[in-house]
Amino acid sequence: MRKLISLALAMLMLLLSGAYAEDSFTIAGYDHKDTEHVWTENFFFQRMEEVTGVHLKLLQYDTEEAWDAAKAAMLAGTQELPDAFFKANLTTRETAEWYDAGKLIDLKPYLVEHAPNLWALLESHPEWMEAVTLPTGEIVALPALDEAQFTNAMWINSVWLQMIGKPAPTTAEELTEVLRAFRDRDMNGNGKRDDEAPLTFASMWDLRFLAHAFGINANDYYVTTDENGKVSEILTTDENRAFLTWLHQLWDEKLLDQSGFTGIRDMSLSMSDEKEVVYGVALSSSPIQLVDVESLKQYTLLEPLTYEGKQVYRDLTGDVIRGTFAITSACKDPAALLKWVDYLYTEEGFILAEAGREGEEFSVNEDGSWLWETANQEALNSVLAEATLRSGISMPGYASVAFQQKIDDVNTKHVLSSLMRLKEIDSLPYPLVYLTREQQTRVEELIWNIGRYAERQMVWFVVGDVELNDETWAAFCEQVKALGMDEMVEIWQTAADNQR
């Protein structure tokens, strides 16, 4: 009898192991070590298996160099392909290249049946559908969808503004006057002069977000698109010259942080014991990066300045971050993996990735707001590393704005609500499109030369190392053109026309 029972148990284990193997997949991806995520120990994956029944073998790369090397080896065929990439960090070029090589599959035929939550989101937002679809019609890599993406914004010290008796500035001229008032008084009242920075920033890239004050909304390739779909460059425009002239005025009058181009500014003030507030206006995705928690409430969003009666502002990424998840040609059951990832496009899946499990990592108040179970920052950091996964490299899924706004933390709610207000004004300067491999290669060549030259030259104009006059401006424009700016515009125009 005992032998029969043992035989039955052995048969049962064999059957179970066979079923388990059918729903077992290998995924590889990149999650940098600074997040302290360890995929094989993180509760997120364990809980996802409980929900979906899909077991994953996890291959995590914790540096960009290691991940890039692994991808190169996989593409060359010297390293075995996993079933899927997660937190894939795939560029548009890589997505097309891997698909052309037959190593990633087209997911579009599977989405209606096996990823209905994602498909419903894409159908209800045609611009999202367009952004993830190759020009030839395939959907190869799945996105992160988030309507509350952070972007560089202007945060003004409302306490200082009240002290100088001025309303929030609405134009470049008004902002200049406010910054002068910040400069000319001991705003933080510490008895020191010149220790405050009227407007702080970290690079020329940061400062370019101020170009909206002259009607400029351009991407990192210095191109923009008008309402008729016409693409143009902004580097050689009169508006850009006026913008740079204004920046030089601000620099010359010491209204800009004089350490802004040197990288010596302390970007971790909020983590230190420093309590003195030294910034009037900060260009940053959040003032949390620049001031201590107690001082955070002083900073409010400064809405985009007007130019010729209109407000424009750059939406940095839009709602879509592409290339976060893809299934390879090695996968024998794409439908099962799509079922797994589709859960992340529900509110429940987002909460699991963002906050963990209710009653363990967070709790919900009677009014529907939620808070972390621990108020200790060190303990919370440990919770975030061990039980959640959304920090670090973007992961597939739909971020619920409603859940984010219900957090029972006044500072986080303040920043999020401010950025959602900005969302009502900002816009992508150029639509999310896919370039062909040849177009992408050429664009990368062009921007390497144009970007290096333009950024350096613009910094020189701002700080006065090169005087901005008719002669130097003409030379700047001529060199930008010589480096291929017109060809750059032509490529992006062709891509935009093909996407429509």
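**Exercise 1.** In this predicted model, check whether the span of helix 11 (residues 238–252) agrees with its number of residues.

*Solution.* Start with the count: helix 11 has 15 residues. Take 1.5 Å a residue; the helix should then span 21 Å. Now compare the ends. The end C-alpha atoms are 21 Å apart, which agrees.

**Exercise 2.** Find which residues of helix 11 are buried, and work out how they are arranged around the axis.

*Solution.* List the buried residues: Asn240, Phe243, Leu244, Trp246, Leu247, Leu250 and Trp251. Next, look down the axis of helix 11. The buried residues fall within an arc of 160°, so they line one face of the helix. Recall the geometry: an α-helix has 3.6 residues a turn, so residues three or four places apart point the same way. Then turn to the face directed away from the buried side. That face carries the exposed residues Asp238 and Asp252.

**Exercise 3.** Name helices that cover the buried residues of helix 11, then say what follows helix 11.

*Solution.* The cover includes helix 9 (172–184) and helix 10 (204–207). It also includes helix 17 (437–463) and helix 18 (470–482). After helix 11 comes Lys254, with a positive phi near 60°.

**Exercise 4.** Identify the residues that touch the most other members of the largest nonpolar core.

*Solution.* This core has 81 residues. Phe182, Leu235, Leu244, Trp246, Leu247 and Phe476 touch the most other members. Helix 17 gives the largest share of the core, 10 residues. Another core, of 42 residues, lies apart from it; Phe86, Met129, Ala336 and Ala353 are among its residues.

Notes:
Residues are numbered from 1 along each chain as its sequence is written. This is a predicted model: local features need pLDDT of at least 70, side-chain atom pairs count only at pLDDT 80 or more; totals for chains, interfaces and linings use all residues. Side-chain values use heavy atoms; hydrogens and water are left out. Helices (H or I, at least four residues) and strands (E, at least two) are DSSP runs, numbered from the N terminus. The expected span of a helix is 1.5 Å times one less than its number of residues. Buried means under 20% relative accessible area, exposed over 50%, partly exposed in between (1.4 Å probe, protein chains only). The arc is that of the directions from the helix axis to the C-beta atoms. Contact means heavy atoms within 4.5 Å. A nonpolar core is a set of buried Ala, Val, Leu, Ile, Met, Phe, Trp, Tyr and Cys residues joined through side-chain atoms within 4.5 Å.
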